[in-house]
Amino acid sequence: MSKNLTFAELIKQGGQELNLNLDKKAVLLFETYKDLLLEWNQRINLTSITDVNEIAIKHFLDSLIILGEIEVKVQCRVVDIGTGAGFPGIPLKIARPDLNVVLVDSLQKRVAFLREVIDKLQLKNIEVYHGRAEELGHYPEFRESFDLAVARAVAKMPVLVEYNLPFVRVGGQFVAFKGPESDEEVKLAANAVFELGAELEEAKETYLPFIGDRRSLIIYRKTKHTPPKYPRRPGLPEKKPLGV
Ligand code: SAM
């Protein structure tokens, strides 16, 4: 079905399936983003997906599924940890220009790409930081200051919660984008989530437009302050996952 649609139609109609009304400007920005992604991907490793329709569905619409599932308040402050080539942070910013977005990645080359995208798309109120979550999570300007943290394809859940929850304000949320088989990871992360001052709020199952692939959004709510010792030093969360 999706084979007969152009990239722009996929974005527009896929957006509608997610209850989003993406205007002409947003669709054009997605076009430019896709062109830059393919161009830079010849020089640096950004994505293994190079088919234009697959980029539309598996990167862009996949990044947007959260907007159809939870209420993301106007102008809220969002951090995307381990954003890579900008997923989900940049699609969220294109679909919701009101959001204040911070992108974090530990790979300098990807950060350079993201700066180019922000510049070419003329996005405002979005910043990119090069560094590890374990370090940036201790910076006073970031610590417990975000309404929403998001992460897709970065680490297993016990590691991911230690990367993300220190950024979230008390009362805010962390949403992990996961595939269909996330139950075991979620269980394994339970002790770490408690220790970091959060609770599992909901695990939402959803489907990608056009191709129907299953996705899970694991939603955590921050209920207490994260103890200052977290995140532990770079590399340790991965080497010795908390509470496992
Ligand atoms: N989120 C993107 C996506 O869904 O396509 C990128 C996924 S890529 C597999 C994982 C990214 O996380 C890489 O770009 C890597 O540099 C970054 N990353 C891994 N561990 C990190 C950490 N501790 N702090 C910051 N970035 C990290």
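1. Starting with a histidine: the side chains of His-59 and Thr-47 make a polar contact at 2.8 Å. Keep in mind that this is a predicted model. On its other contact, the side chain of His-59 is joined to that of Arg-152 by a polar contact of 2.8 Å. As for its place, His-59 is in helix H3, which covers residues 52-69.

2. Is His-59 buried or exposed? The relative accessible area of His-59 is 8%, and the cut-off for buried is under 20%, so His-59 counts as buried.

3. Phe-87 takes part through its backbone, with an N or O atom 2.7 Å from a ligand nitrogen. Glu-134 has a polar side-chain atom 2.9 Å from a nitrogen atom of the ligand, and for Ser-106 a polar side-chain atom lies 3.3 Å from a ligand oxygen. How much of the ligand does the protein bury? Taken alone, the ligand exposes 600 Å², and 81% of that is buried by the protein. As for where it is, the ligand sits in the largest pocket.

4. The peptide bond from Phe-87 to Pro-88 is cis, with omega near 5°. Pro-88 itself lies in the loop that runs between strand S1 (77-81) and helix H4 (89-95).

5. There is a cis bond at Tyr-230 and Pro-231 too, with omega about -5°. Here the proline, Pro-231, is in the loop between strand S7 (214-222) and helix H10 (236-239).

6. Please also check Glu-144 by eye. Its phi is near 50°, a positive value in a residue that is not glycine. Glu-144 belongs to the loop between helix H6 (133-136) and strand S4 (146-152). With a relative accessible area of 18%, Glu-144 is buried.

7. Phe-210 is one more for the phi list: the angle is near 70°, again positive in a residue other than glycine. Where is Phe-210 found? Phe-210 is in the loop between strand S6 (198-207) and S7. The relative accessible area of Phe-210 is 16%, under the 20% cut-off, so Phe-210 is buried.

Methods:
Residues are numbered from 1 along each chain as its sequence is written. This is a predicted model: local features need pLDDT of at least 70, side-chain atom pairs count only at pLDDT 80 or more; totals for chains, interfaces and linings use all residues. Side-chain values use heavy atoms; hydrogens and water are left out. A polar contact is a pair of N or O atoms within 3.5 Å; within protein, one must be able to donate a hydrogen and the other to accept it, and residues adjacent in sequence count only if both atoms are side-chain atoms. Accessible areas come from the Shrake-Rupley method with a 1.4 Å probe; for residues, only the protein chains shown count as cover. On a 1 Å grid over the protein atoms alone, a cavity is a set of points where a 1.4 Å probe fits but cannot get out, and a pocket is an open set with protein on both sides within 12 Å along at least five of seven lines; lining residues have an atom within 4 Å of a point. A molecule sits in a cavity or pocket if more than half of its atoms lie within 2 Å of its grid points. Helices (H or I, at least four residues) and strands (E, at least two) are DSSP runs, numbered from the N terminus. Buried means under 20% relative accessible area, exposed over 50%, partly exposed in between (1.4 Å probe, protein chains only).
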